[in-house]
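Dear colleague,

I am passing on the structure below, and after it you will find some notes on what came out of looking through it. Please read them alongside the coordinates.

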Amino acid sequence: MALTEPLHEHHKYCDDLFAGAEAAAAAGDWPAADARLAQFREELENHFHTEETLLFPSFEAATGMIGGPTQVMRLEHAQMRELVEQMERALERREGSGFAGAAETLLILMQQHNLKEENILYPMCDRGLASQAEALGTALQERLKAKCLTSD
Amino acid sequence: MHPNLSFEQAPPISVPFRFFLTAPLFGIAAGVLLAVEGGDMLASRWMPALLAATHFIVAGFMLQAMTGALMQFIPVAAGGNIWRPRWVAGFVHPLSILALLFLVAAFLTQRPPLFFAAGLGFALALGFFVLVAGLALWRTPAKGATIVALRIAVFGLAATLILGVMLTSALAQGSAPVLTLVDIHLAWGLAGWALMLLAGVSYFVVPMFQLTPPYPTWFARSLPFALLAFLLPWSAQLLGVPAAGRQALGLAGLALGAAYALATLWLQSRRRRKLTDTTFLFFRTAMLSLIALFLSALAFASVPGLAETPRAAVWLGMLAIPGVFVSAIMGMLYKIVPFLCWLHLQRLCGLAVLPPTMHEILAEQAMRRQFHLHLATLVCLLAAVWLPLLARPAGLLLAADCAWLGANLIAAVRAFRAFRNRIRAAA
């Protein structure tokens, strides 16, 4: 198993949470939307935090590539955090259209971000961090996978 | 291998947008032509006005949208470096429009020099585009089914172009072209270029927009080669190979299209995103048209004499061109244009100011209403094939349909400009 495998799976998990929040808001089920968005935010934050504090620093240390692809990914994380906040503000005001607009934007940004990670950055990590694969893979699994399994 | 994941690879927004914003004009022109000419125009696929209107759509609407999309997609999604994109767009965009205008004028007036000018214009504009796009796709380190499909699609464009130039050369010399050549030209254009590109892009965007599972790898990898396996024997007709299996071969080609459509609908039925947006509706319309295209051809083939009815070919063309490709392109533009506006604004303001969301740039309701008009347009166009009385209203609807698309895209660009100017004024 590739060391980044838990991250791939966690992307899918976050997608599902996103879709649930979006569907609830579209149906005007505000309490459900509140709960699902909160859960989505928590998992997304967990994912970003895991990458930014564990995977990226390890990759940067192993390859010396600082300010390269990981920096771009960090910037996109910041953009996505902004959009999630925009969704939250719209939800607080119970503005369905504002929520949908921010959600639509986040979805595309998030999907193209995930594709870049899954097709480019994660394979680079798998190769560059091969010597620490087991330790890192387990650490990633602990931080991410547990949540996927328990919350389903 | 991929040192750069950044936005810097994206071309300036004007590069794709100049193509996207001119595309609807040619749809309007095709509609106006049908409204002016009326029912006779749809009597046979060889009517000069129908050839003119068809090229307004395929070499205008579709070509503009597809070249613009490739200028954006190759660097951003396929990791390929387009050489001087602004310069390339500045050459290809006006010259391809000029060539199209010559071609349409040539069909309508049947003047040989106009055919010559059209052939020359397309050879220069598209020959250059094929070279630049082909080189970028050849050199990209990225791999996968999308890259393979895009490479073959650009080859398909080159084949369509060469065959088209052969046809215009014959007409420029005042001689009747070989009719078989027309069928080969249109097969390469619709299957080798347009469907190949649509498939390659679908592999990427269908899972992305609706959170569907990915296309099965074996399917995604084999479809482009299966299409080639249809196109090569189809092209062998030109070498005098007996056309005995022609009908069966044609049906096999259309079956491949239907298989792609079924795969797409199947994936979409398993989507995890519950929201039905306008792009999804346009895409589903395109896929259902693609299946209807195959079923129609099958029905025509099984009823003796029906396939030879001149209007039968027009019906198939109506399903393929406005039904499949115009629908798919409209749906794609409604995602690409607002997202690019957002992305460029976001980059401009950094994280300090929030740019408007995609729906604030282009309202969902405006897109949805235009989709309903598009459906009405399709129904009326298809009915007009058999009921000439409906041709003029169908033409007006097509013009209105494309004008509305254009108005929506312009509204998005206005929102983009307004916000950009505010940021610049504040800075």
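**Helix α3 of chain B**

In this predicted model, helix α3 of chain B runs over residues 85-109, and its 25 residues, at 1.5 Å a residue, should therefore span 36 Å, which agrees with the 35 Å that separates its end C-alpha atoms. Directly after α3(B) comes B:Gln110, whose phi is positive, at about 60°.

**Where chain B meets chain A**

The contact between the two chains involves 24 residues of chain B and 33 residues of chain A. Together, chain B and chain A bury about 2,700 Å² between them, and 70% of this area lies on carbon and sulfur atoms.

As for polar interactions, eight residue pairs are in polar contact between chain B and chain A, counting pairs in which both residues have pLDDT 80 or more. Sorted by class, the side of chain B that touches chain A is made up of 14 nonpolar, five polar and five charged residues.

Five salt bridges are counted between chain B and chain A.

Note on methods. Residues are numbered from 1 along each chain as its sequence is written. Chains are lettered from A and ligands numbered from 1 in the order in which they are written. This is a predicted model: local features need pLDDT of at least 70, side-chain atom pairs count only at pLDDT 80 or more; totals for chains, interfaces and linings use all residues. Side-chain values use heavy atoms; hydrogens and water are left out. Contact means heavy atoms within 4.5 Å. Buried area is the accessible area (1.4 Å probe) that two parts lose on being put together, summed over both. A salt bridge is a side-chain nitrogen of Lys or Arg within 4 Å of a carboxyl oxygen of Asp or Glu. A polar contact is a pair of N or O atoms within 3.5 Å; within protein, one must be able to donate a hydrogen and the other to accept it, and residues adjacent in sequence count only if both atoms are side-chain atoms. Ala, Val, Leu, Ile, Met, Phe, Trp, Tyr, Cys and Pro count as nonpolar, Asp, Glu, Lys and Arg as charged, and the others, Gly among them, as polar. Helices (H or I, at least four residues) and strands (E, at least two) are DSSP runs, numbered from the N terminus. The expected span of a helix is 1.5 Å times one less than its number of residues.
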